[in-house]
Amino acid sequence: MKTTRHATYNLNYHIVWLPKSRRTDGSADIAEQGSAQYRQSVLVNEVADRVRTILHEIADEKGLEIIDLTVQPDHIHLFVSSPPKHAPSLLANWFKGISSRKYNHRYADNEGEKIRWARGYYAGTAGHVSSETVQDYIQRHEEADT
């Protein structure tokens, strides 16, 4: 349990999002429709490390606790604890928007490739399952992909 001046809470959100991708033929963004067939594996090596660092910076700046974080080549799993004053949509917007701006400001000029996120995201709570169950799922998912 965590507390603020006026609340005691245990709110944990599982947020998943993916990078925006364009097909090589120049047609519209397929990632918005959720098709894994067109996902780009851009979140690898240094890019993944940089994004991970930036997401932790955002959590620190906003007073949030990252319980678990997995940066996969084509999507991100974030398990974060937040006070009740922050809606899950706000958390997703913060992590996606601020991380994109920070990454592009720091690295895009030097390496050319910018990070852009697809419009949608998944947000779920640990409501009927324990935080440990969600954390175990994320860790198993990470191990299976490595």
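A charge sits over a ring if NZ of Lys or CZ of Arg is within 6 Å of the ring centre and within 35 degrees of the ring normal. The charged end of K62 meets this for W94, at 4.4 Å from the ring centre. R50 lies over the face of Y107, 4.0 Å from the centre of that ring.

This is a predicted model, in which local features need pLDDT of at least 70 and side-chain atom pairs count only at pLDDT 80 or more, while totals for chains, interfaces and linings use all residues. Residues are numbered from 1 along each chain as its sequence is written, and side-chain values use heavy atoms, with hydrogens and water left out.

**The sheet**

Helices (H or I, at least four residues) and strands (E, at least two) are DSSP runs, numbered from the N terminus. Two strands pair if DSSP finds at least two bridges between them. Four strands form an open sheet, ordered β4-β5-β3-β6, with antiparallel pairing. At its edges are β4 (65–72) and β6 (122–125), each of which pairs on one side only. On average, neighbouring strands of the sheet are turned by 15° against each other, direction ignored; axes are lines fitted to C-alpha atoms, for helices over the stretch in contact, and angles run from 0 to 180 degrees between N-to-C directions.

Strand β4 is joined to β5 (residues 75–81) by seven bridges, and the two run antiparallel. E65 has S81 in β5 as its bridge partner. Helix α1 (residues 45–62) lies across β3 (12–17), β4 and β5, and runs at about 160° to β4. Contact here means heavy atoms within 4.5 Å.

**Aromatic pairs**

Rings of Phe, Tyr and Trp (its six-membered ring) pair if their centres lie within 6.5 Å; planes under 30 degrees apart count as stacked, over 60 as edge-to-face and the rest as tilted. A search of the whole structure finds two aromatic pairs.

| Pair | Type | Centre to centre | Between the planes |
|---|---|---|---|
| W17 and W117 | edge-to-face | 5.8 Å | 90° |
| Y103 and Y107 | tilted | 5.0 Å | 50° |

W17 lies in strand β3 and W117 in the loop between α2 (88–111) and β6, so this pair ties together parts 100 residues apart in sequence. Y103 and Y107 are four residues apart in helix α2, and therefore separated by about one helical turn.

Buried means under 20% relative accessible area, exposed over 50%, and partly exposed in between (1.4 Å probe, protein chains only). W17 is buried, at 1%; W117 is buried, at 9%. Y103 is buried too, with a relative accessible area of 3%.
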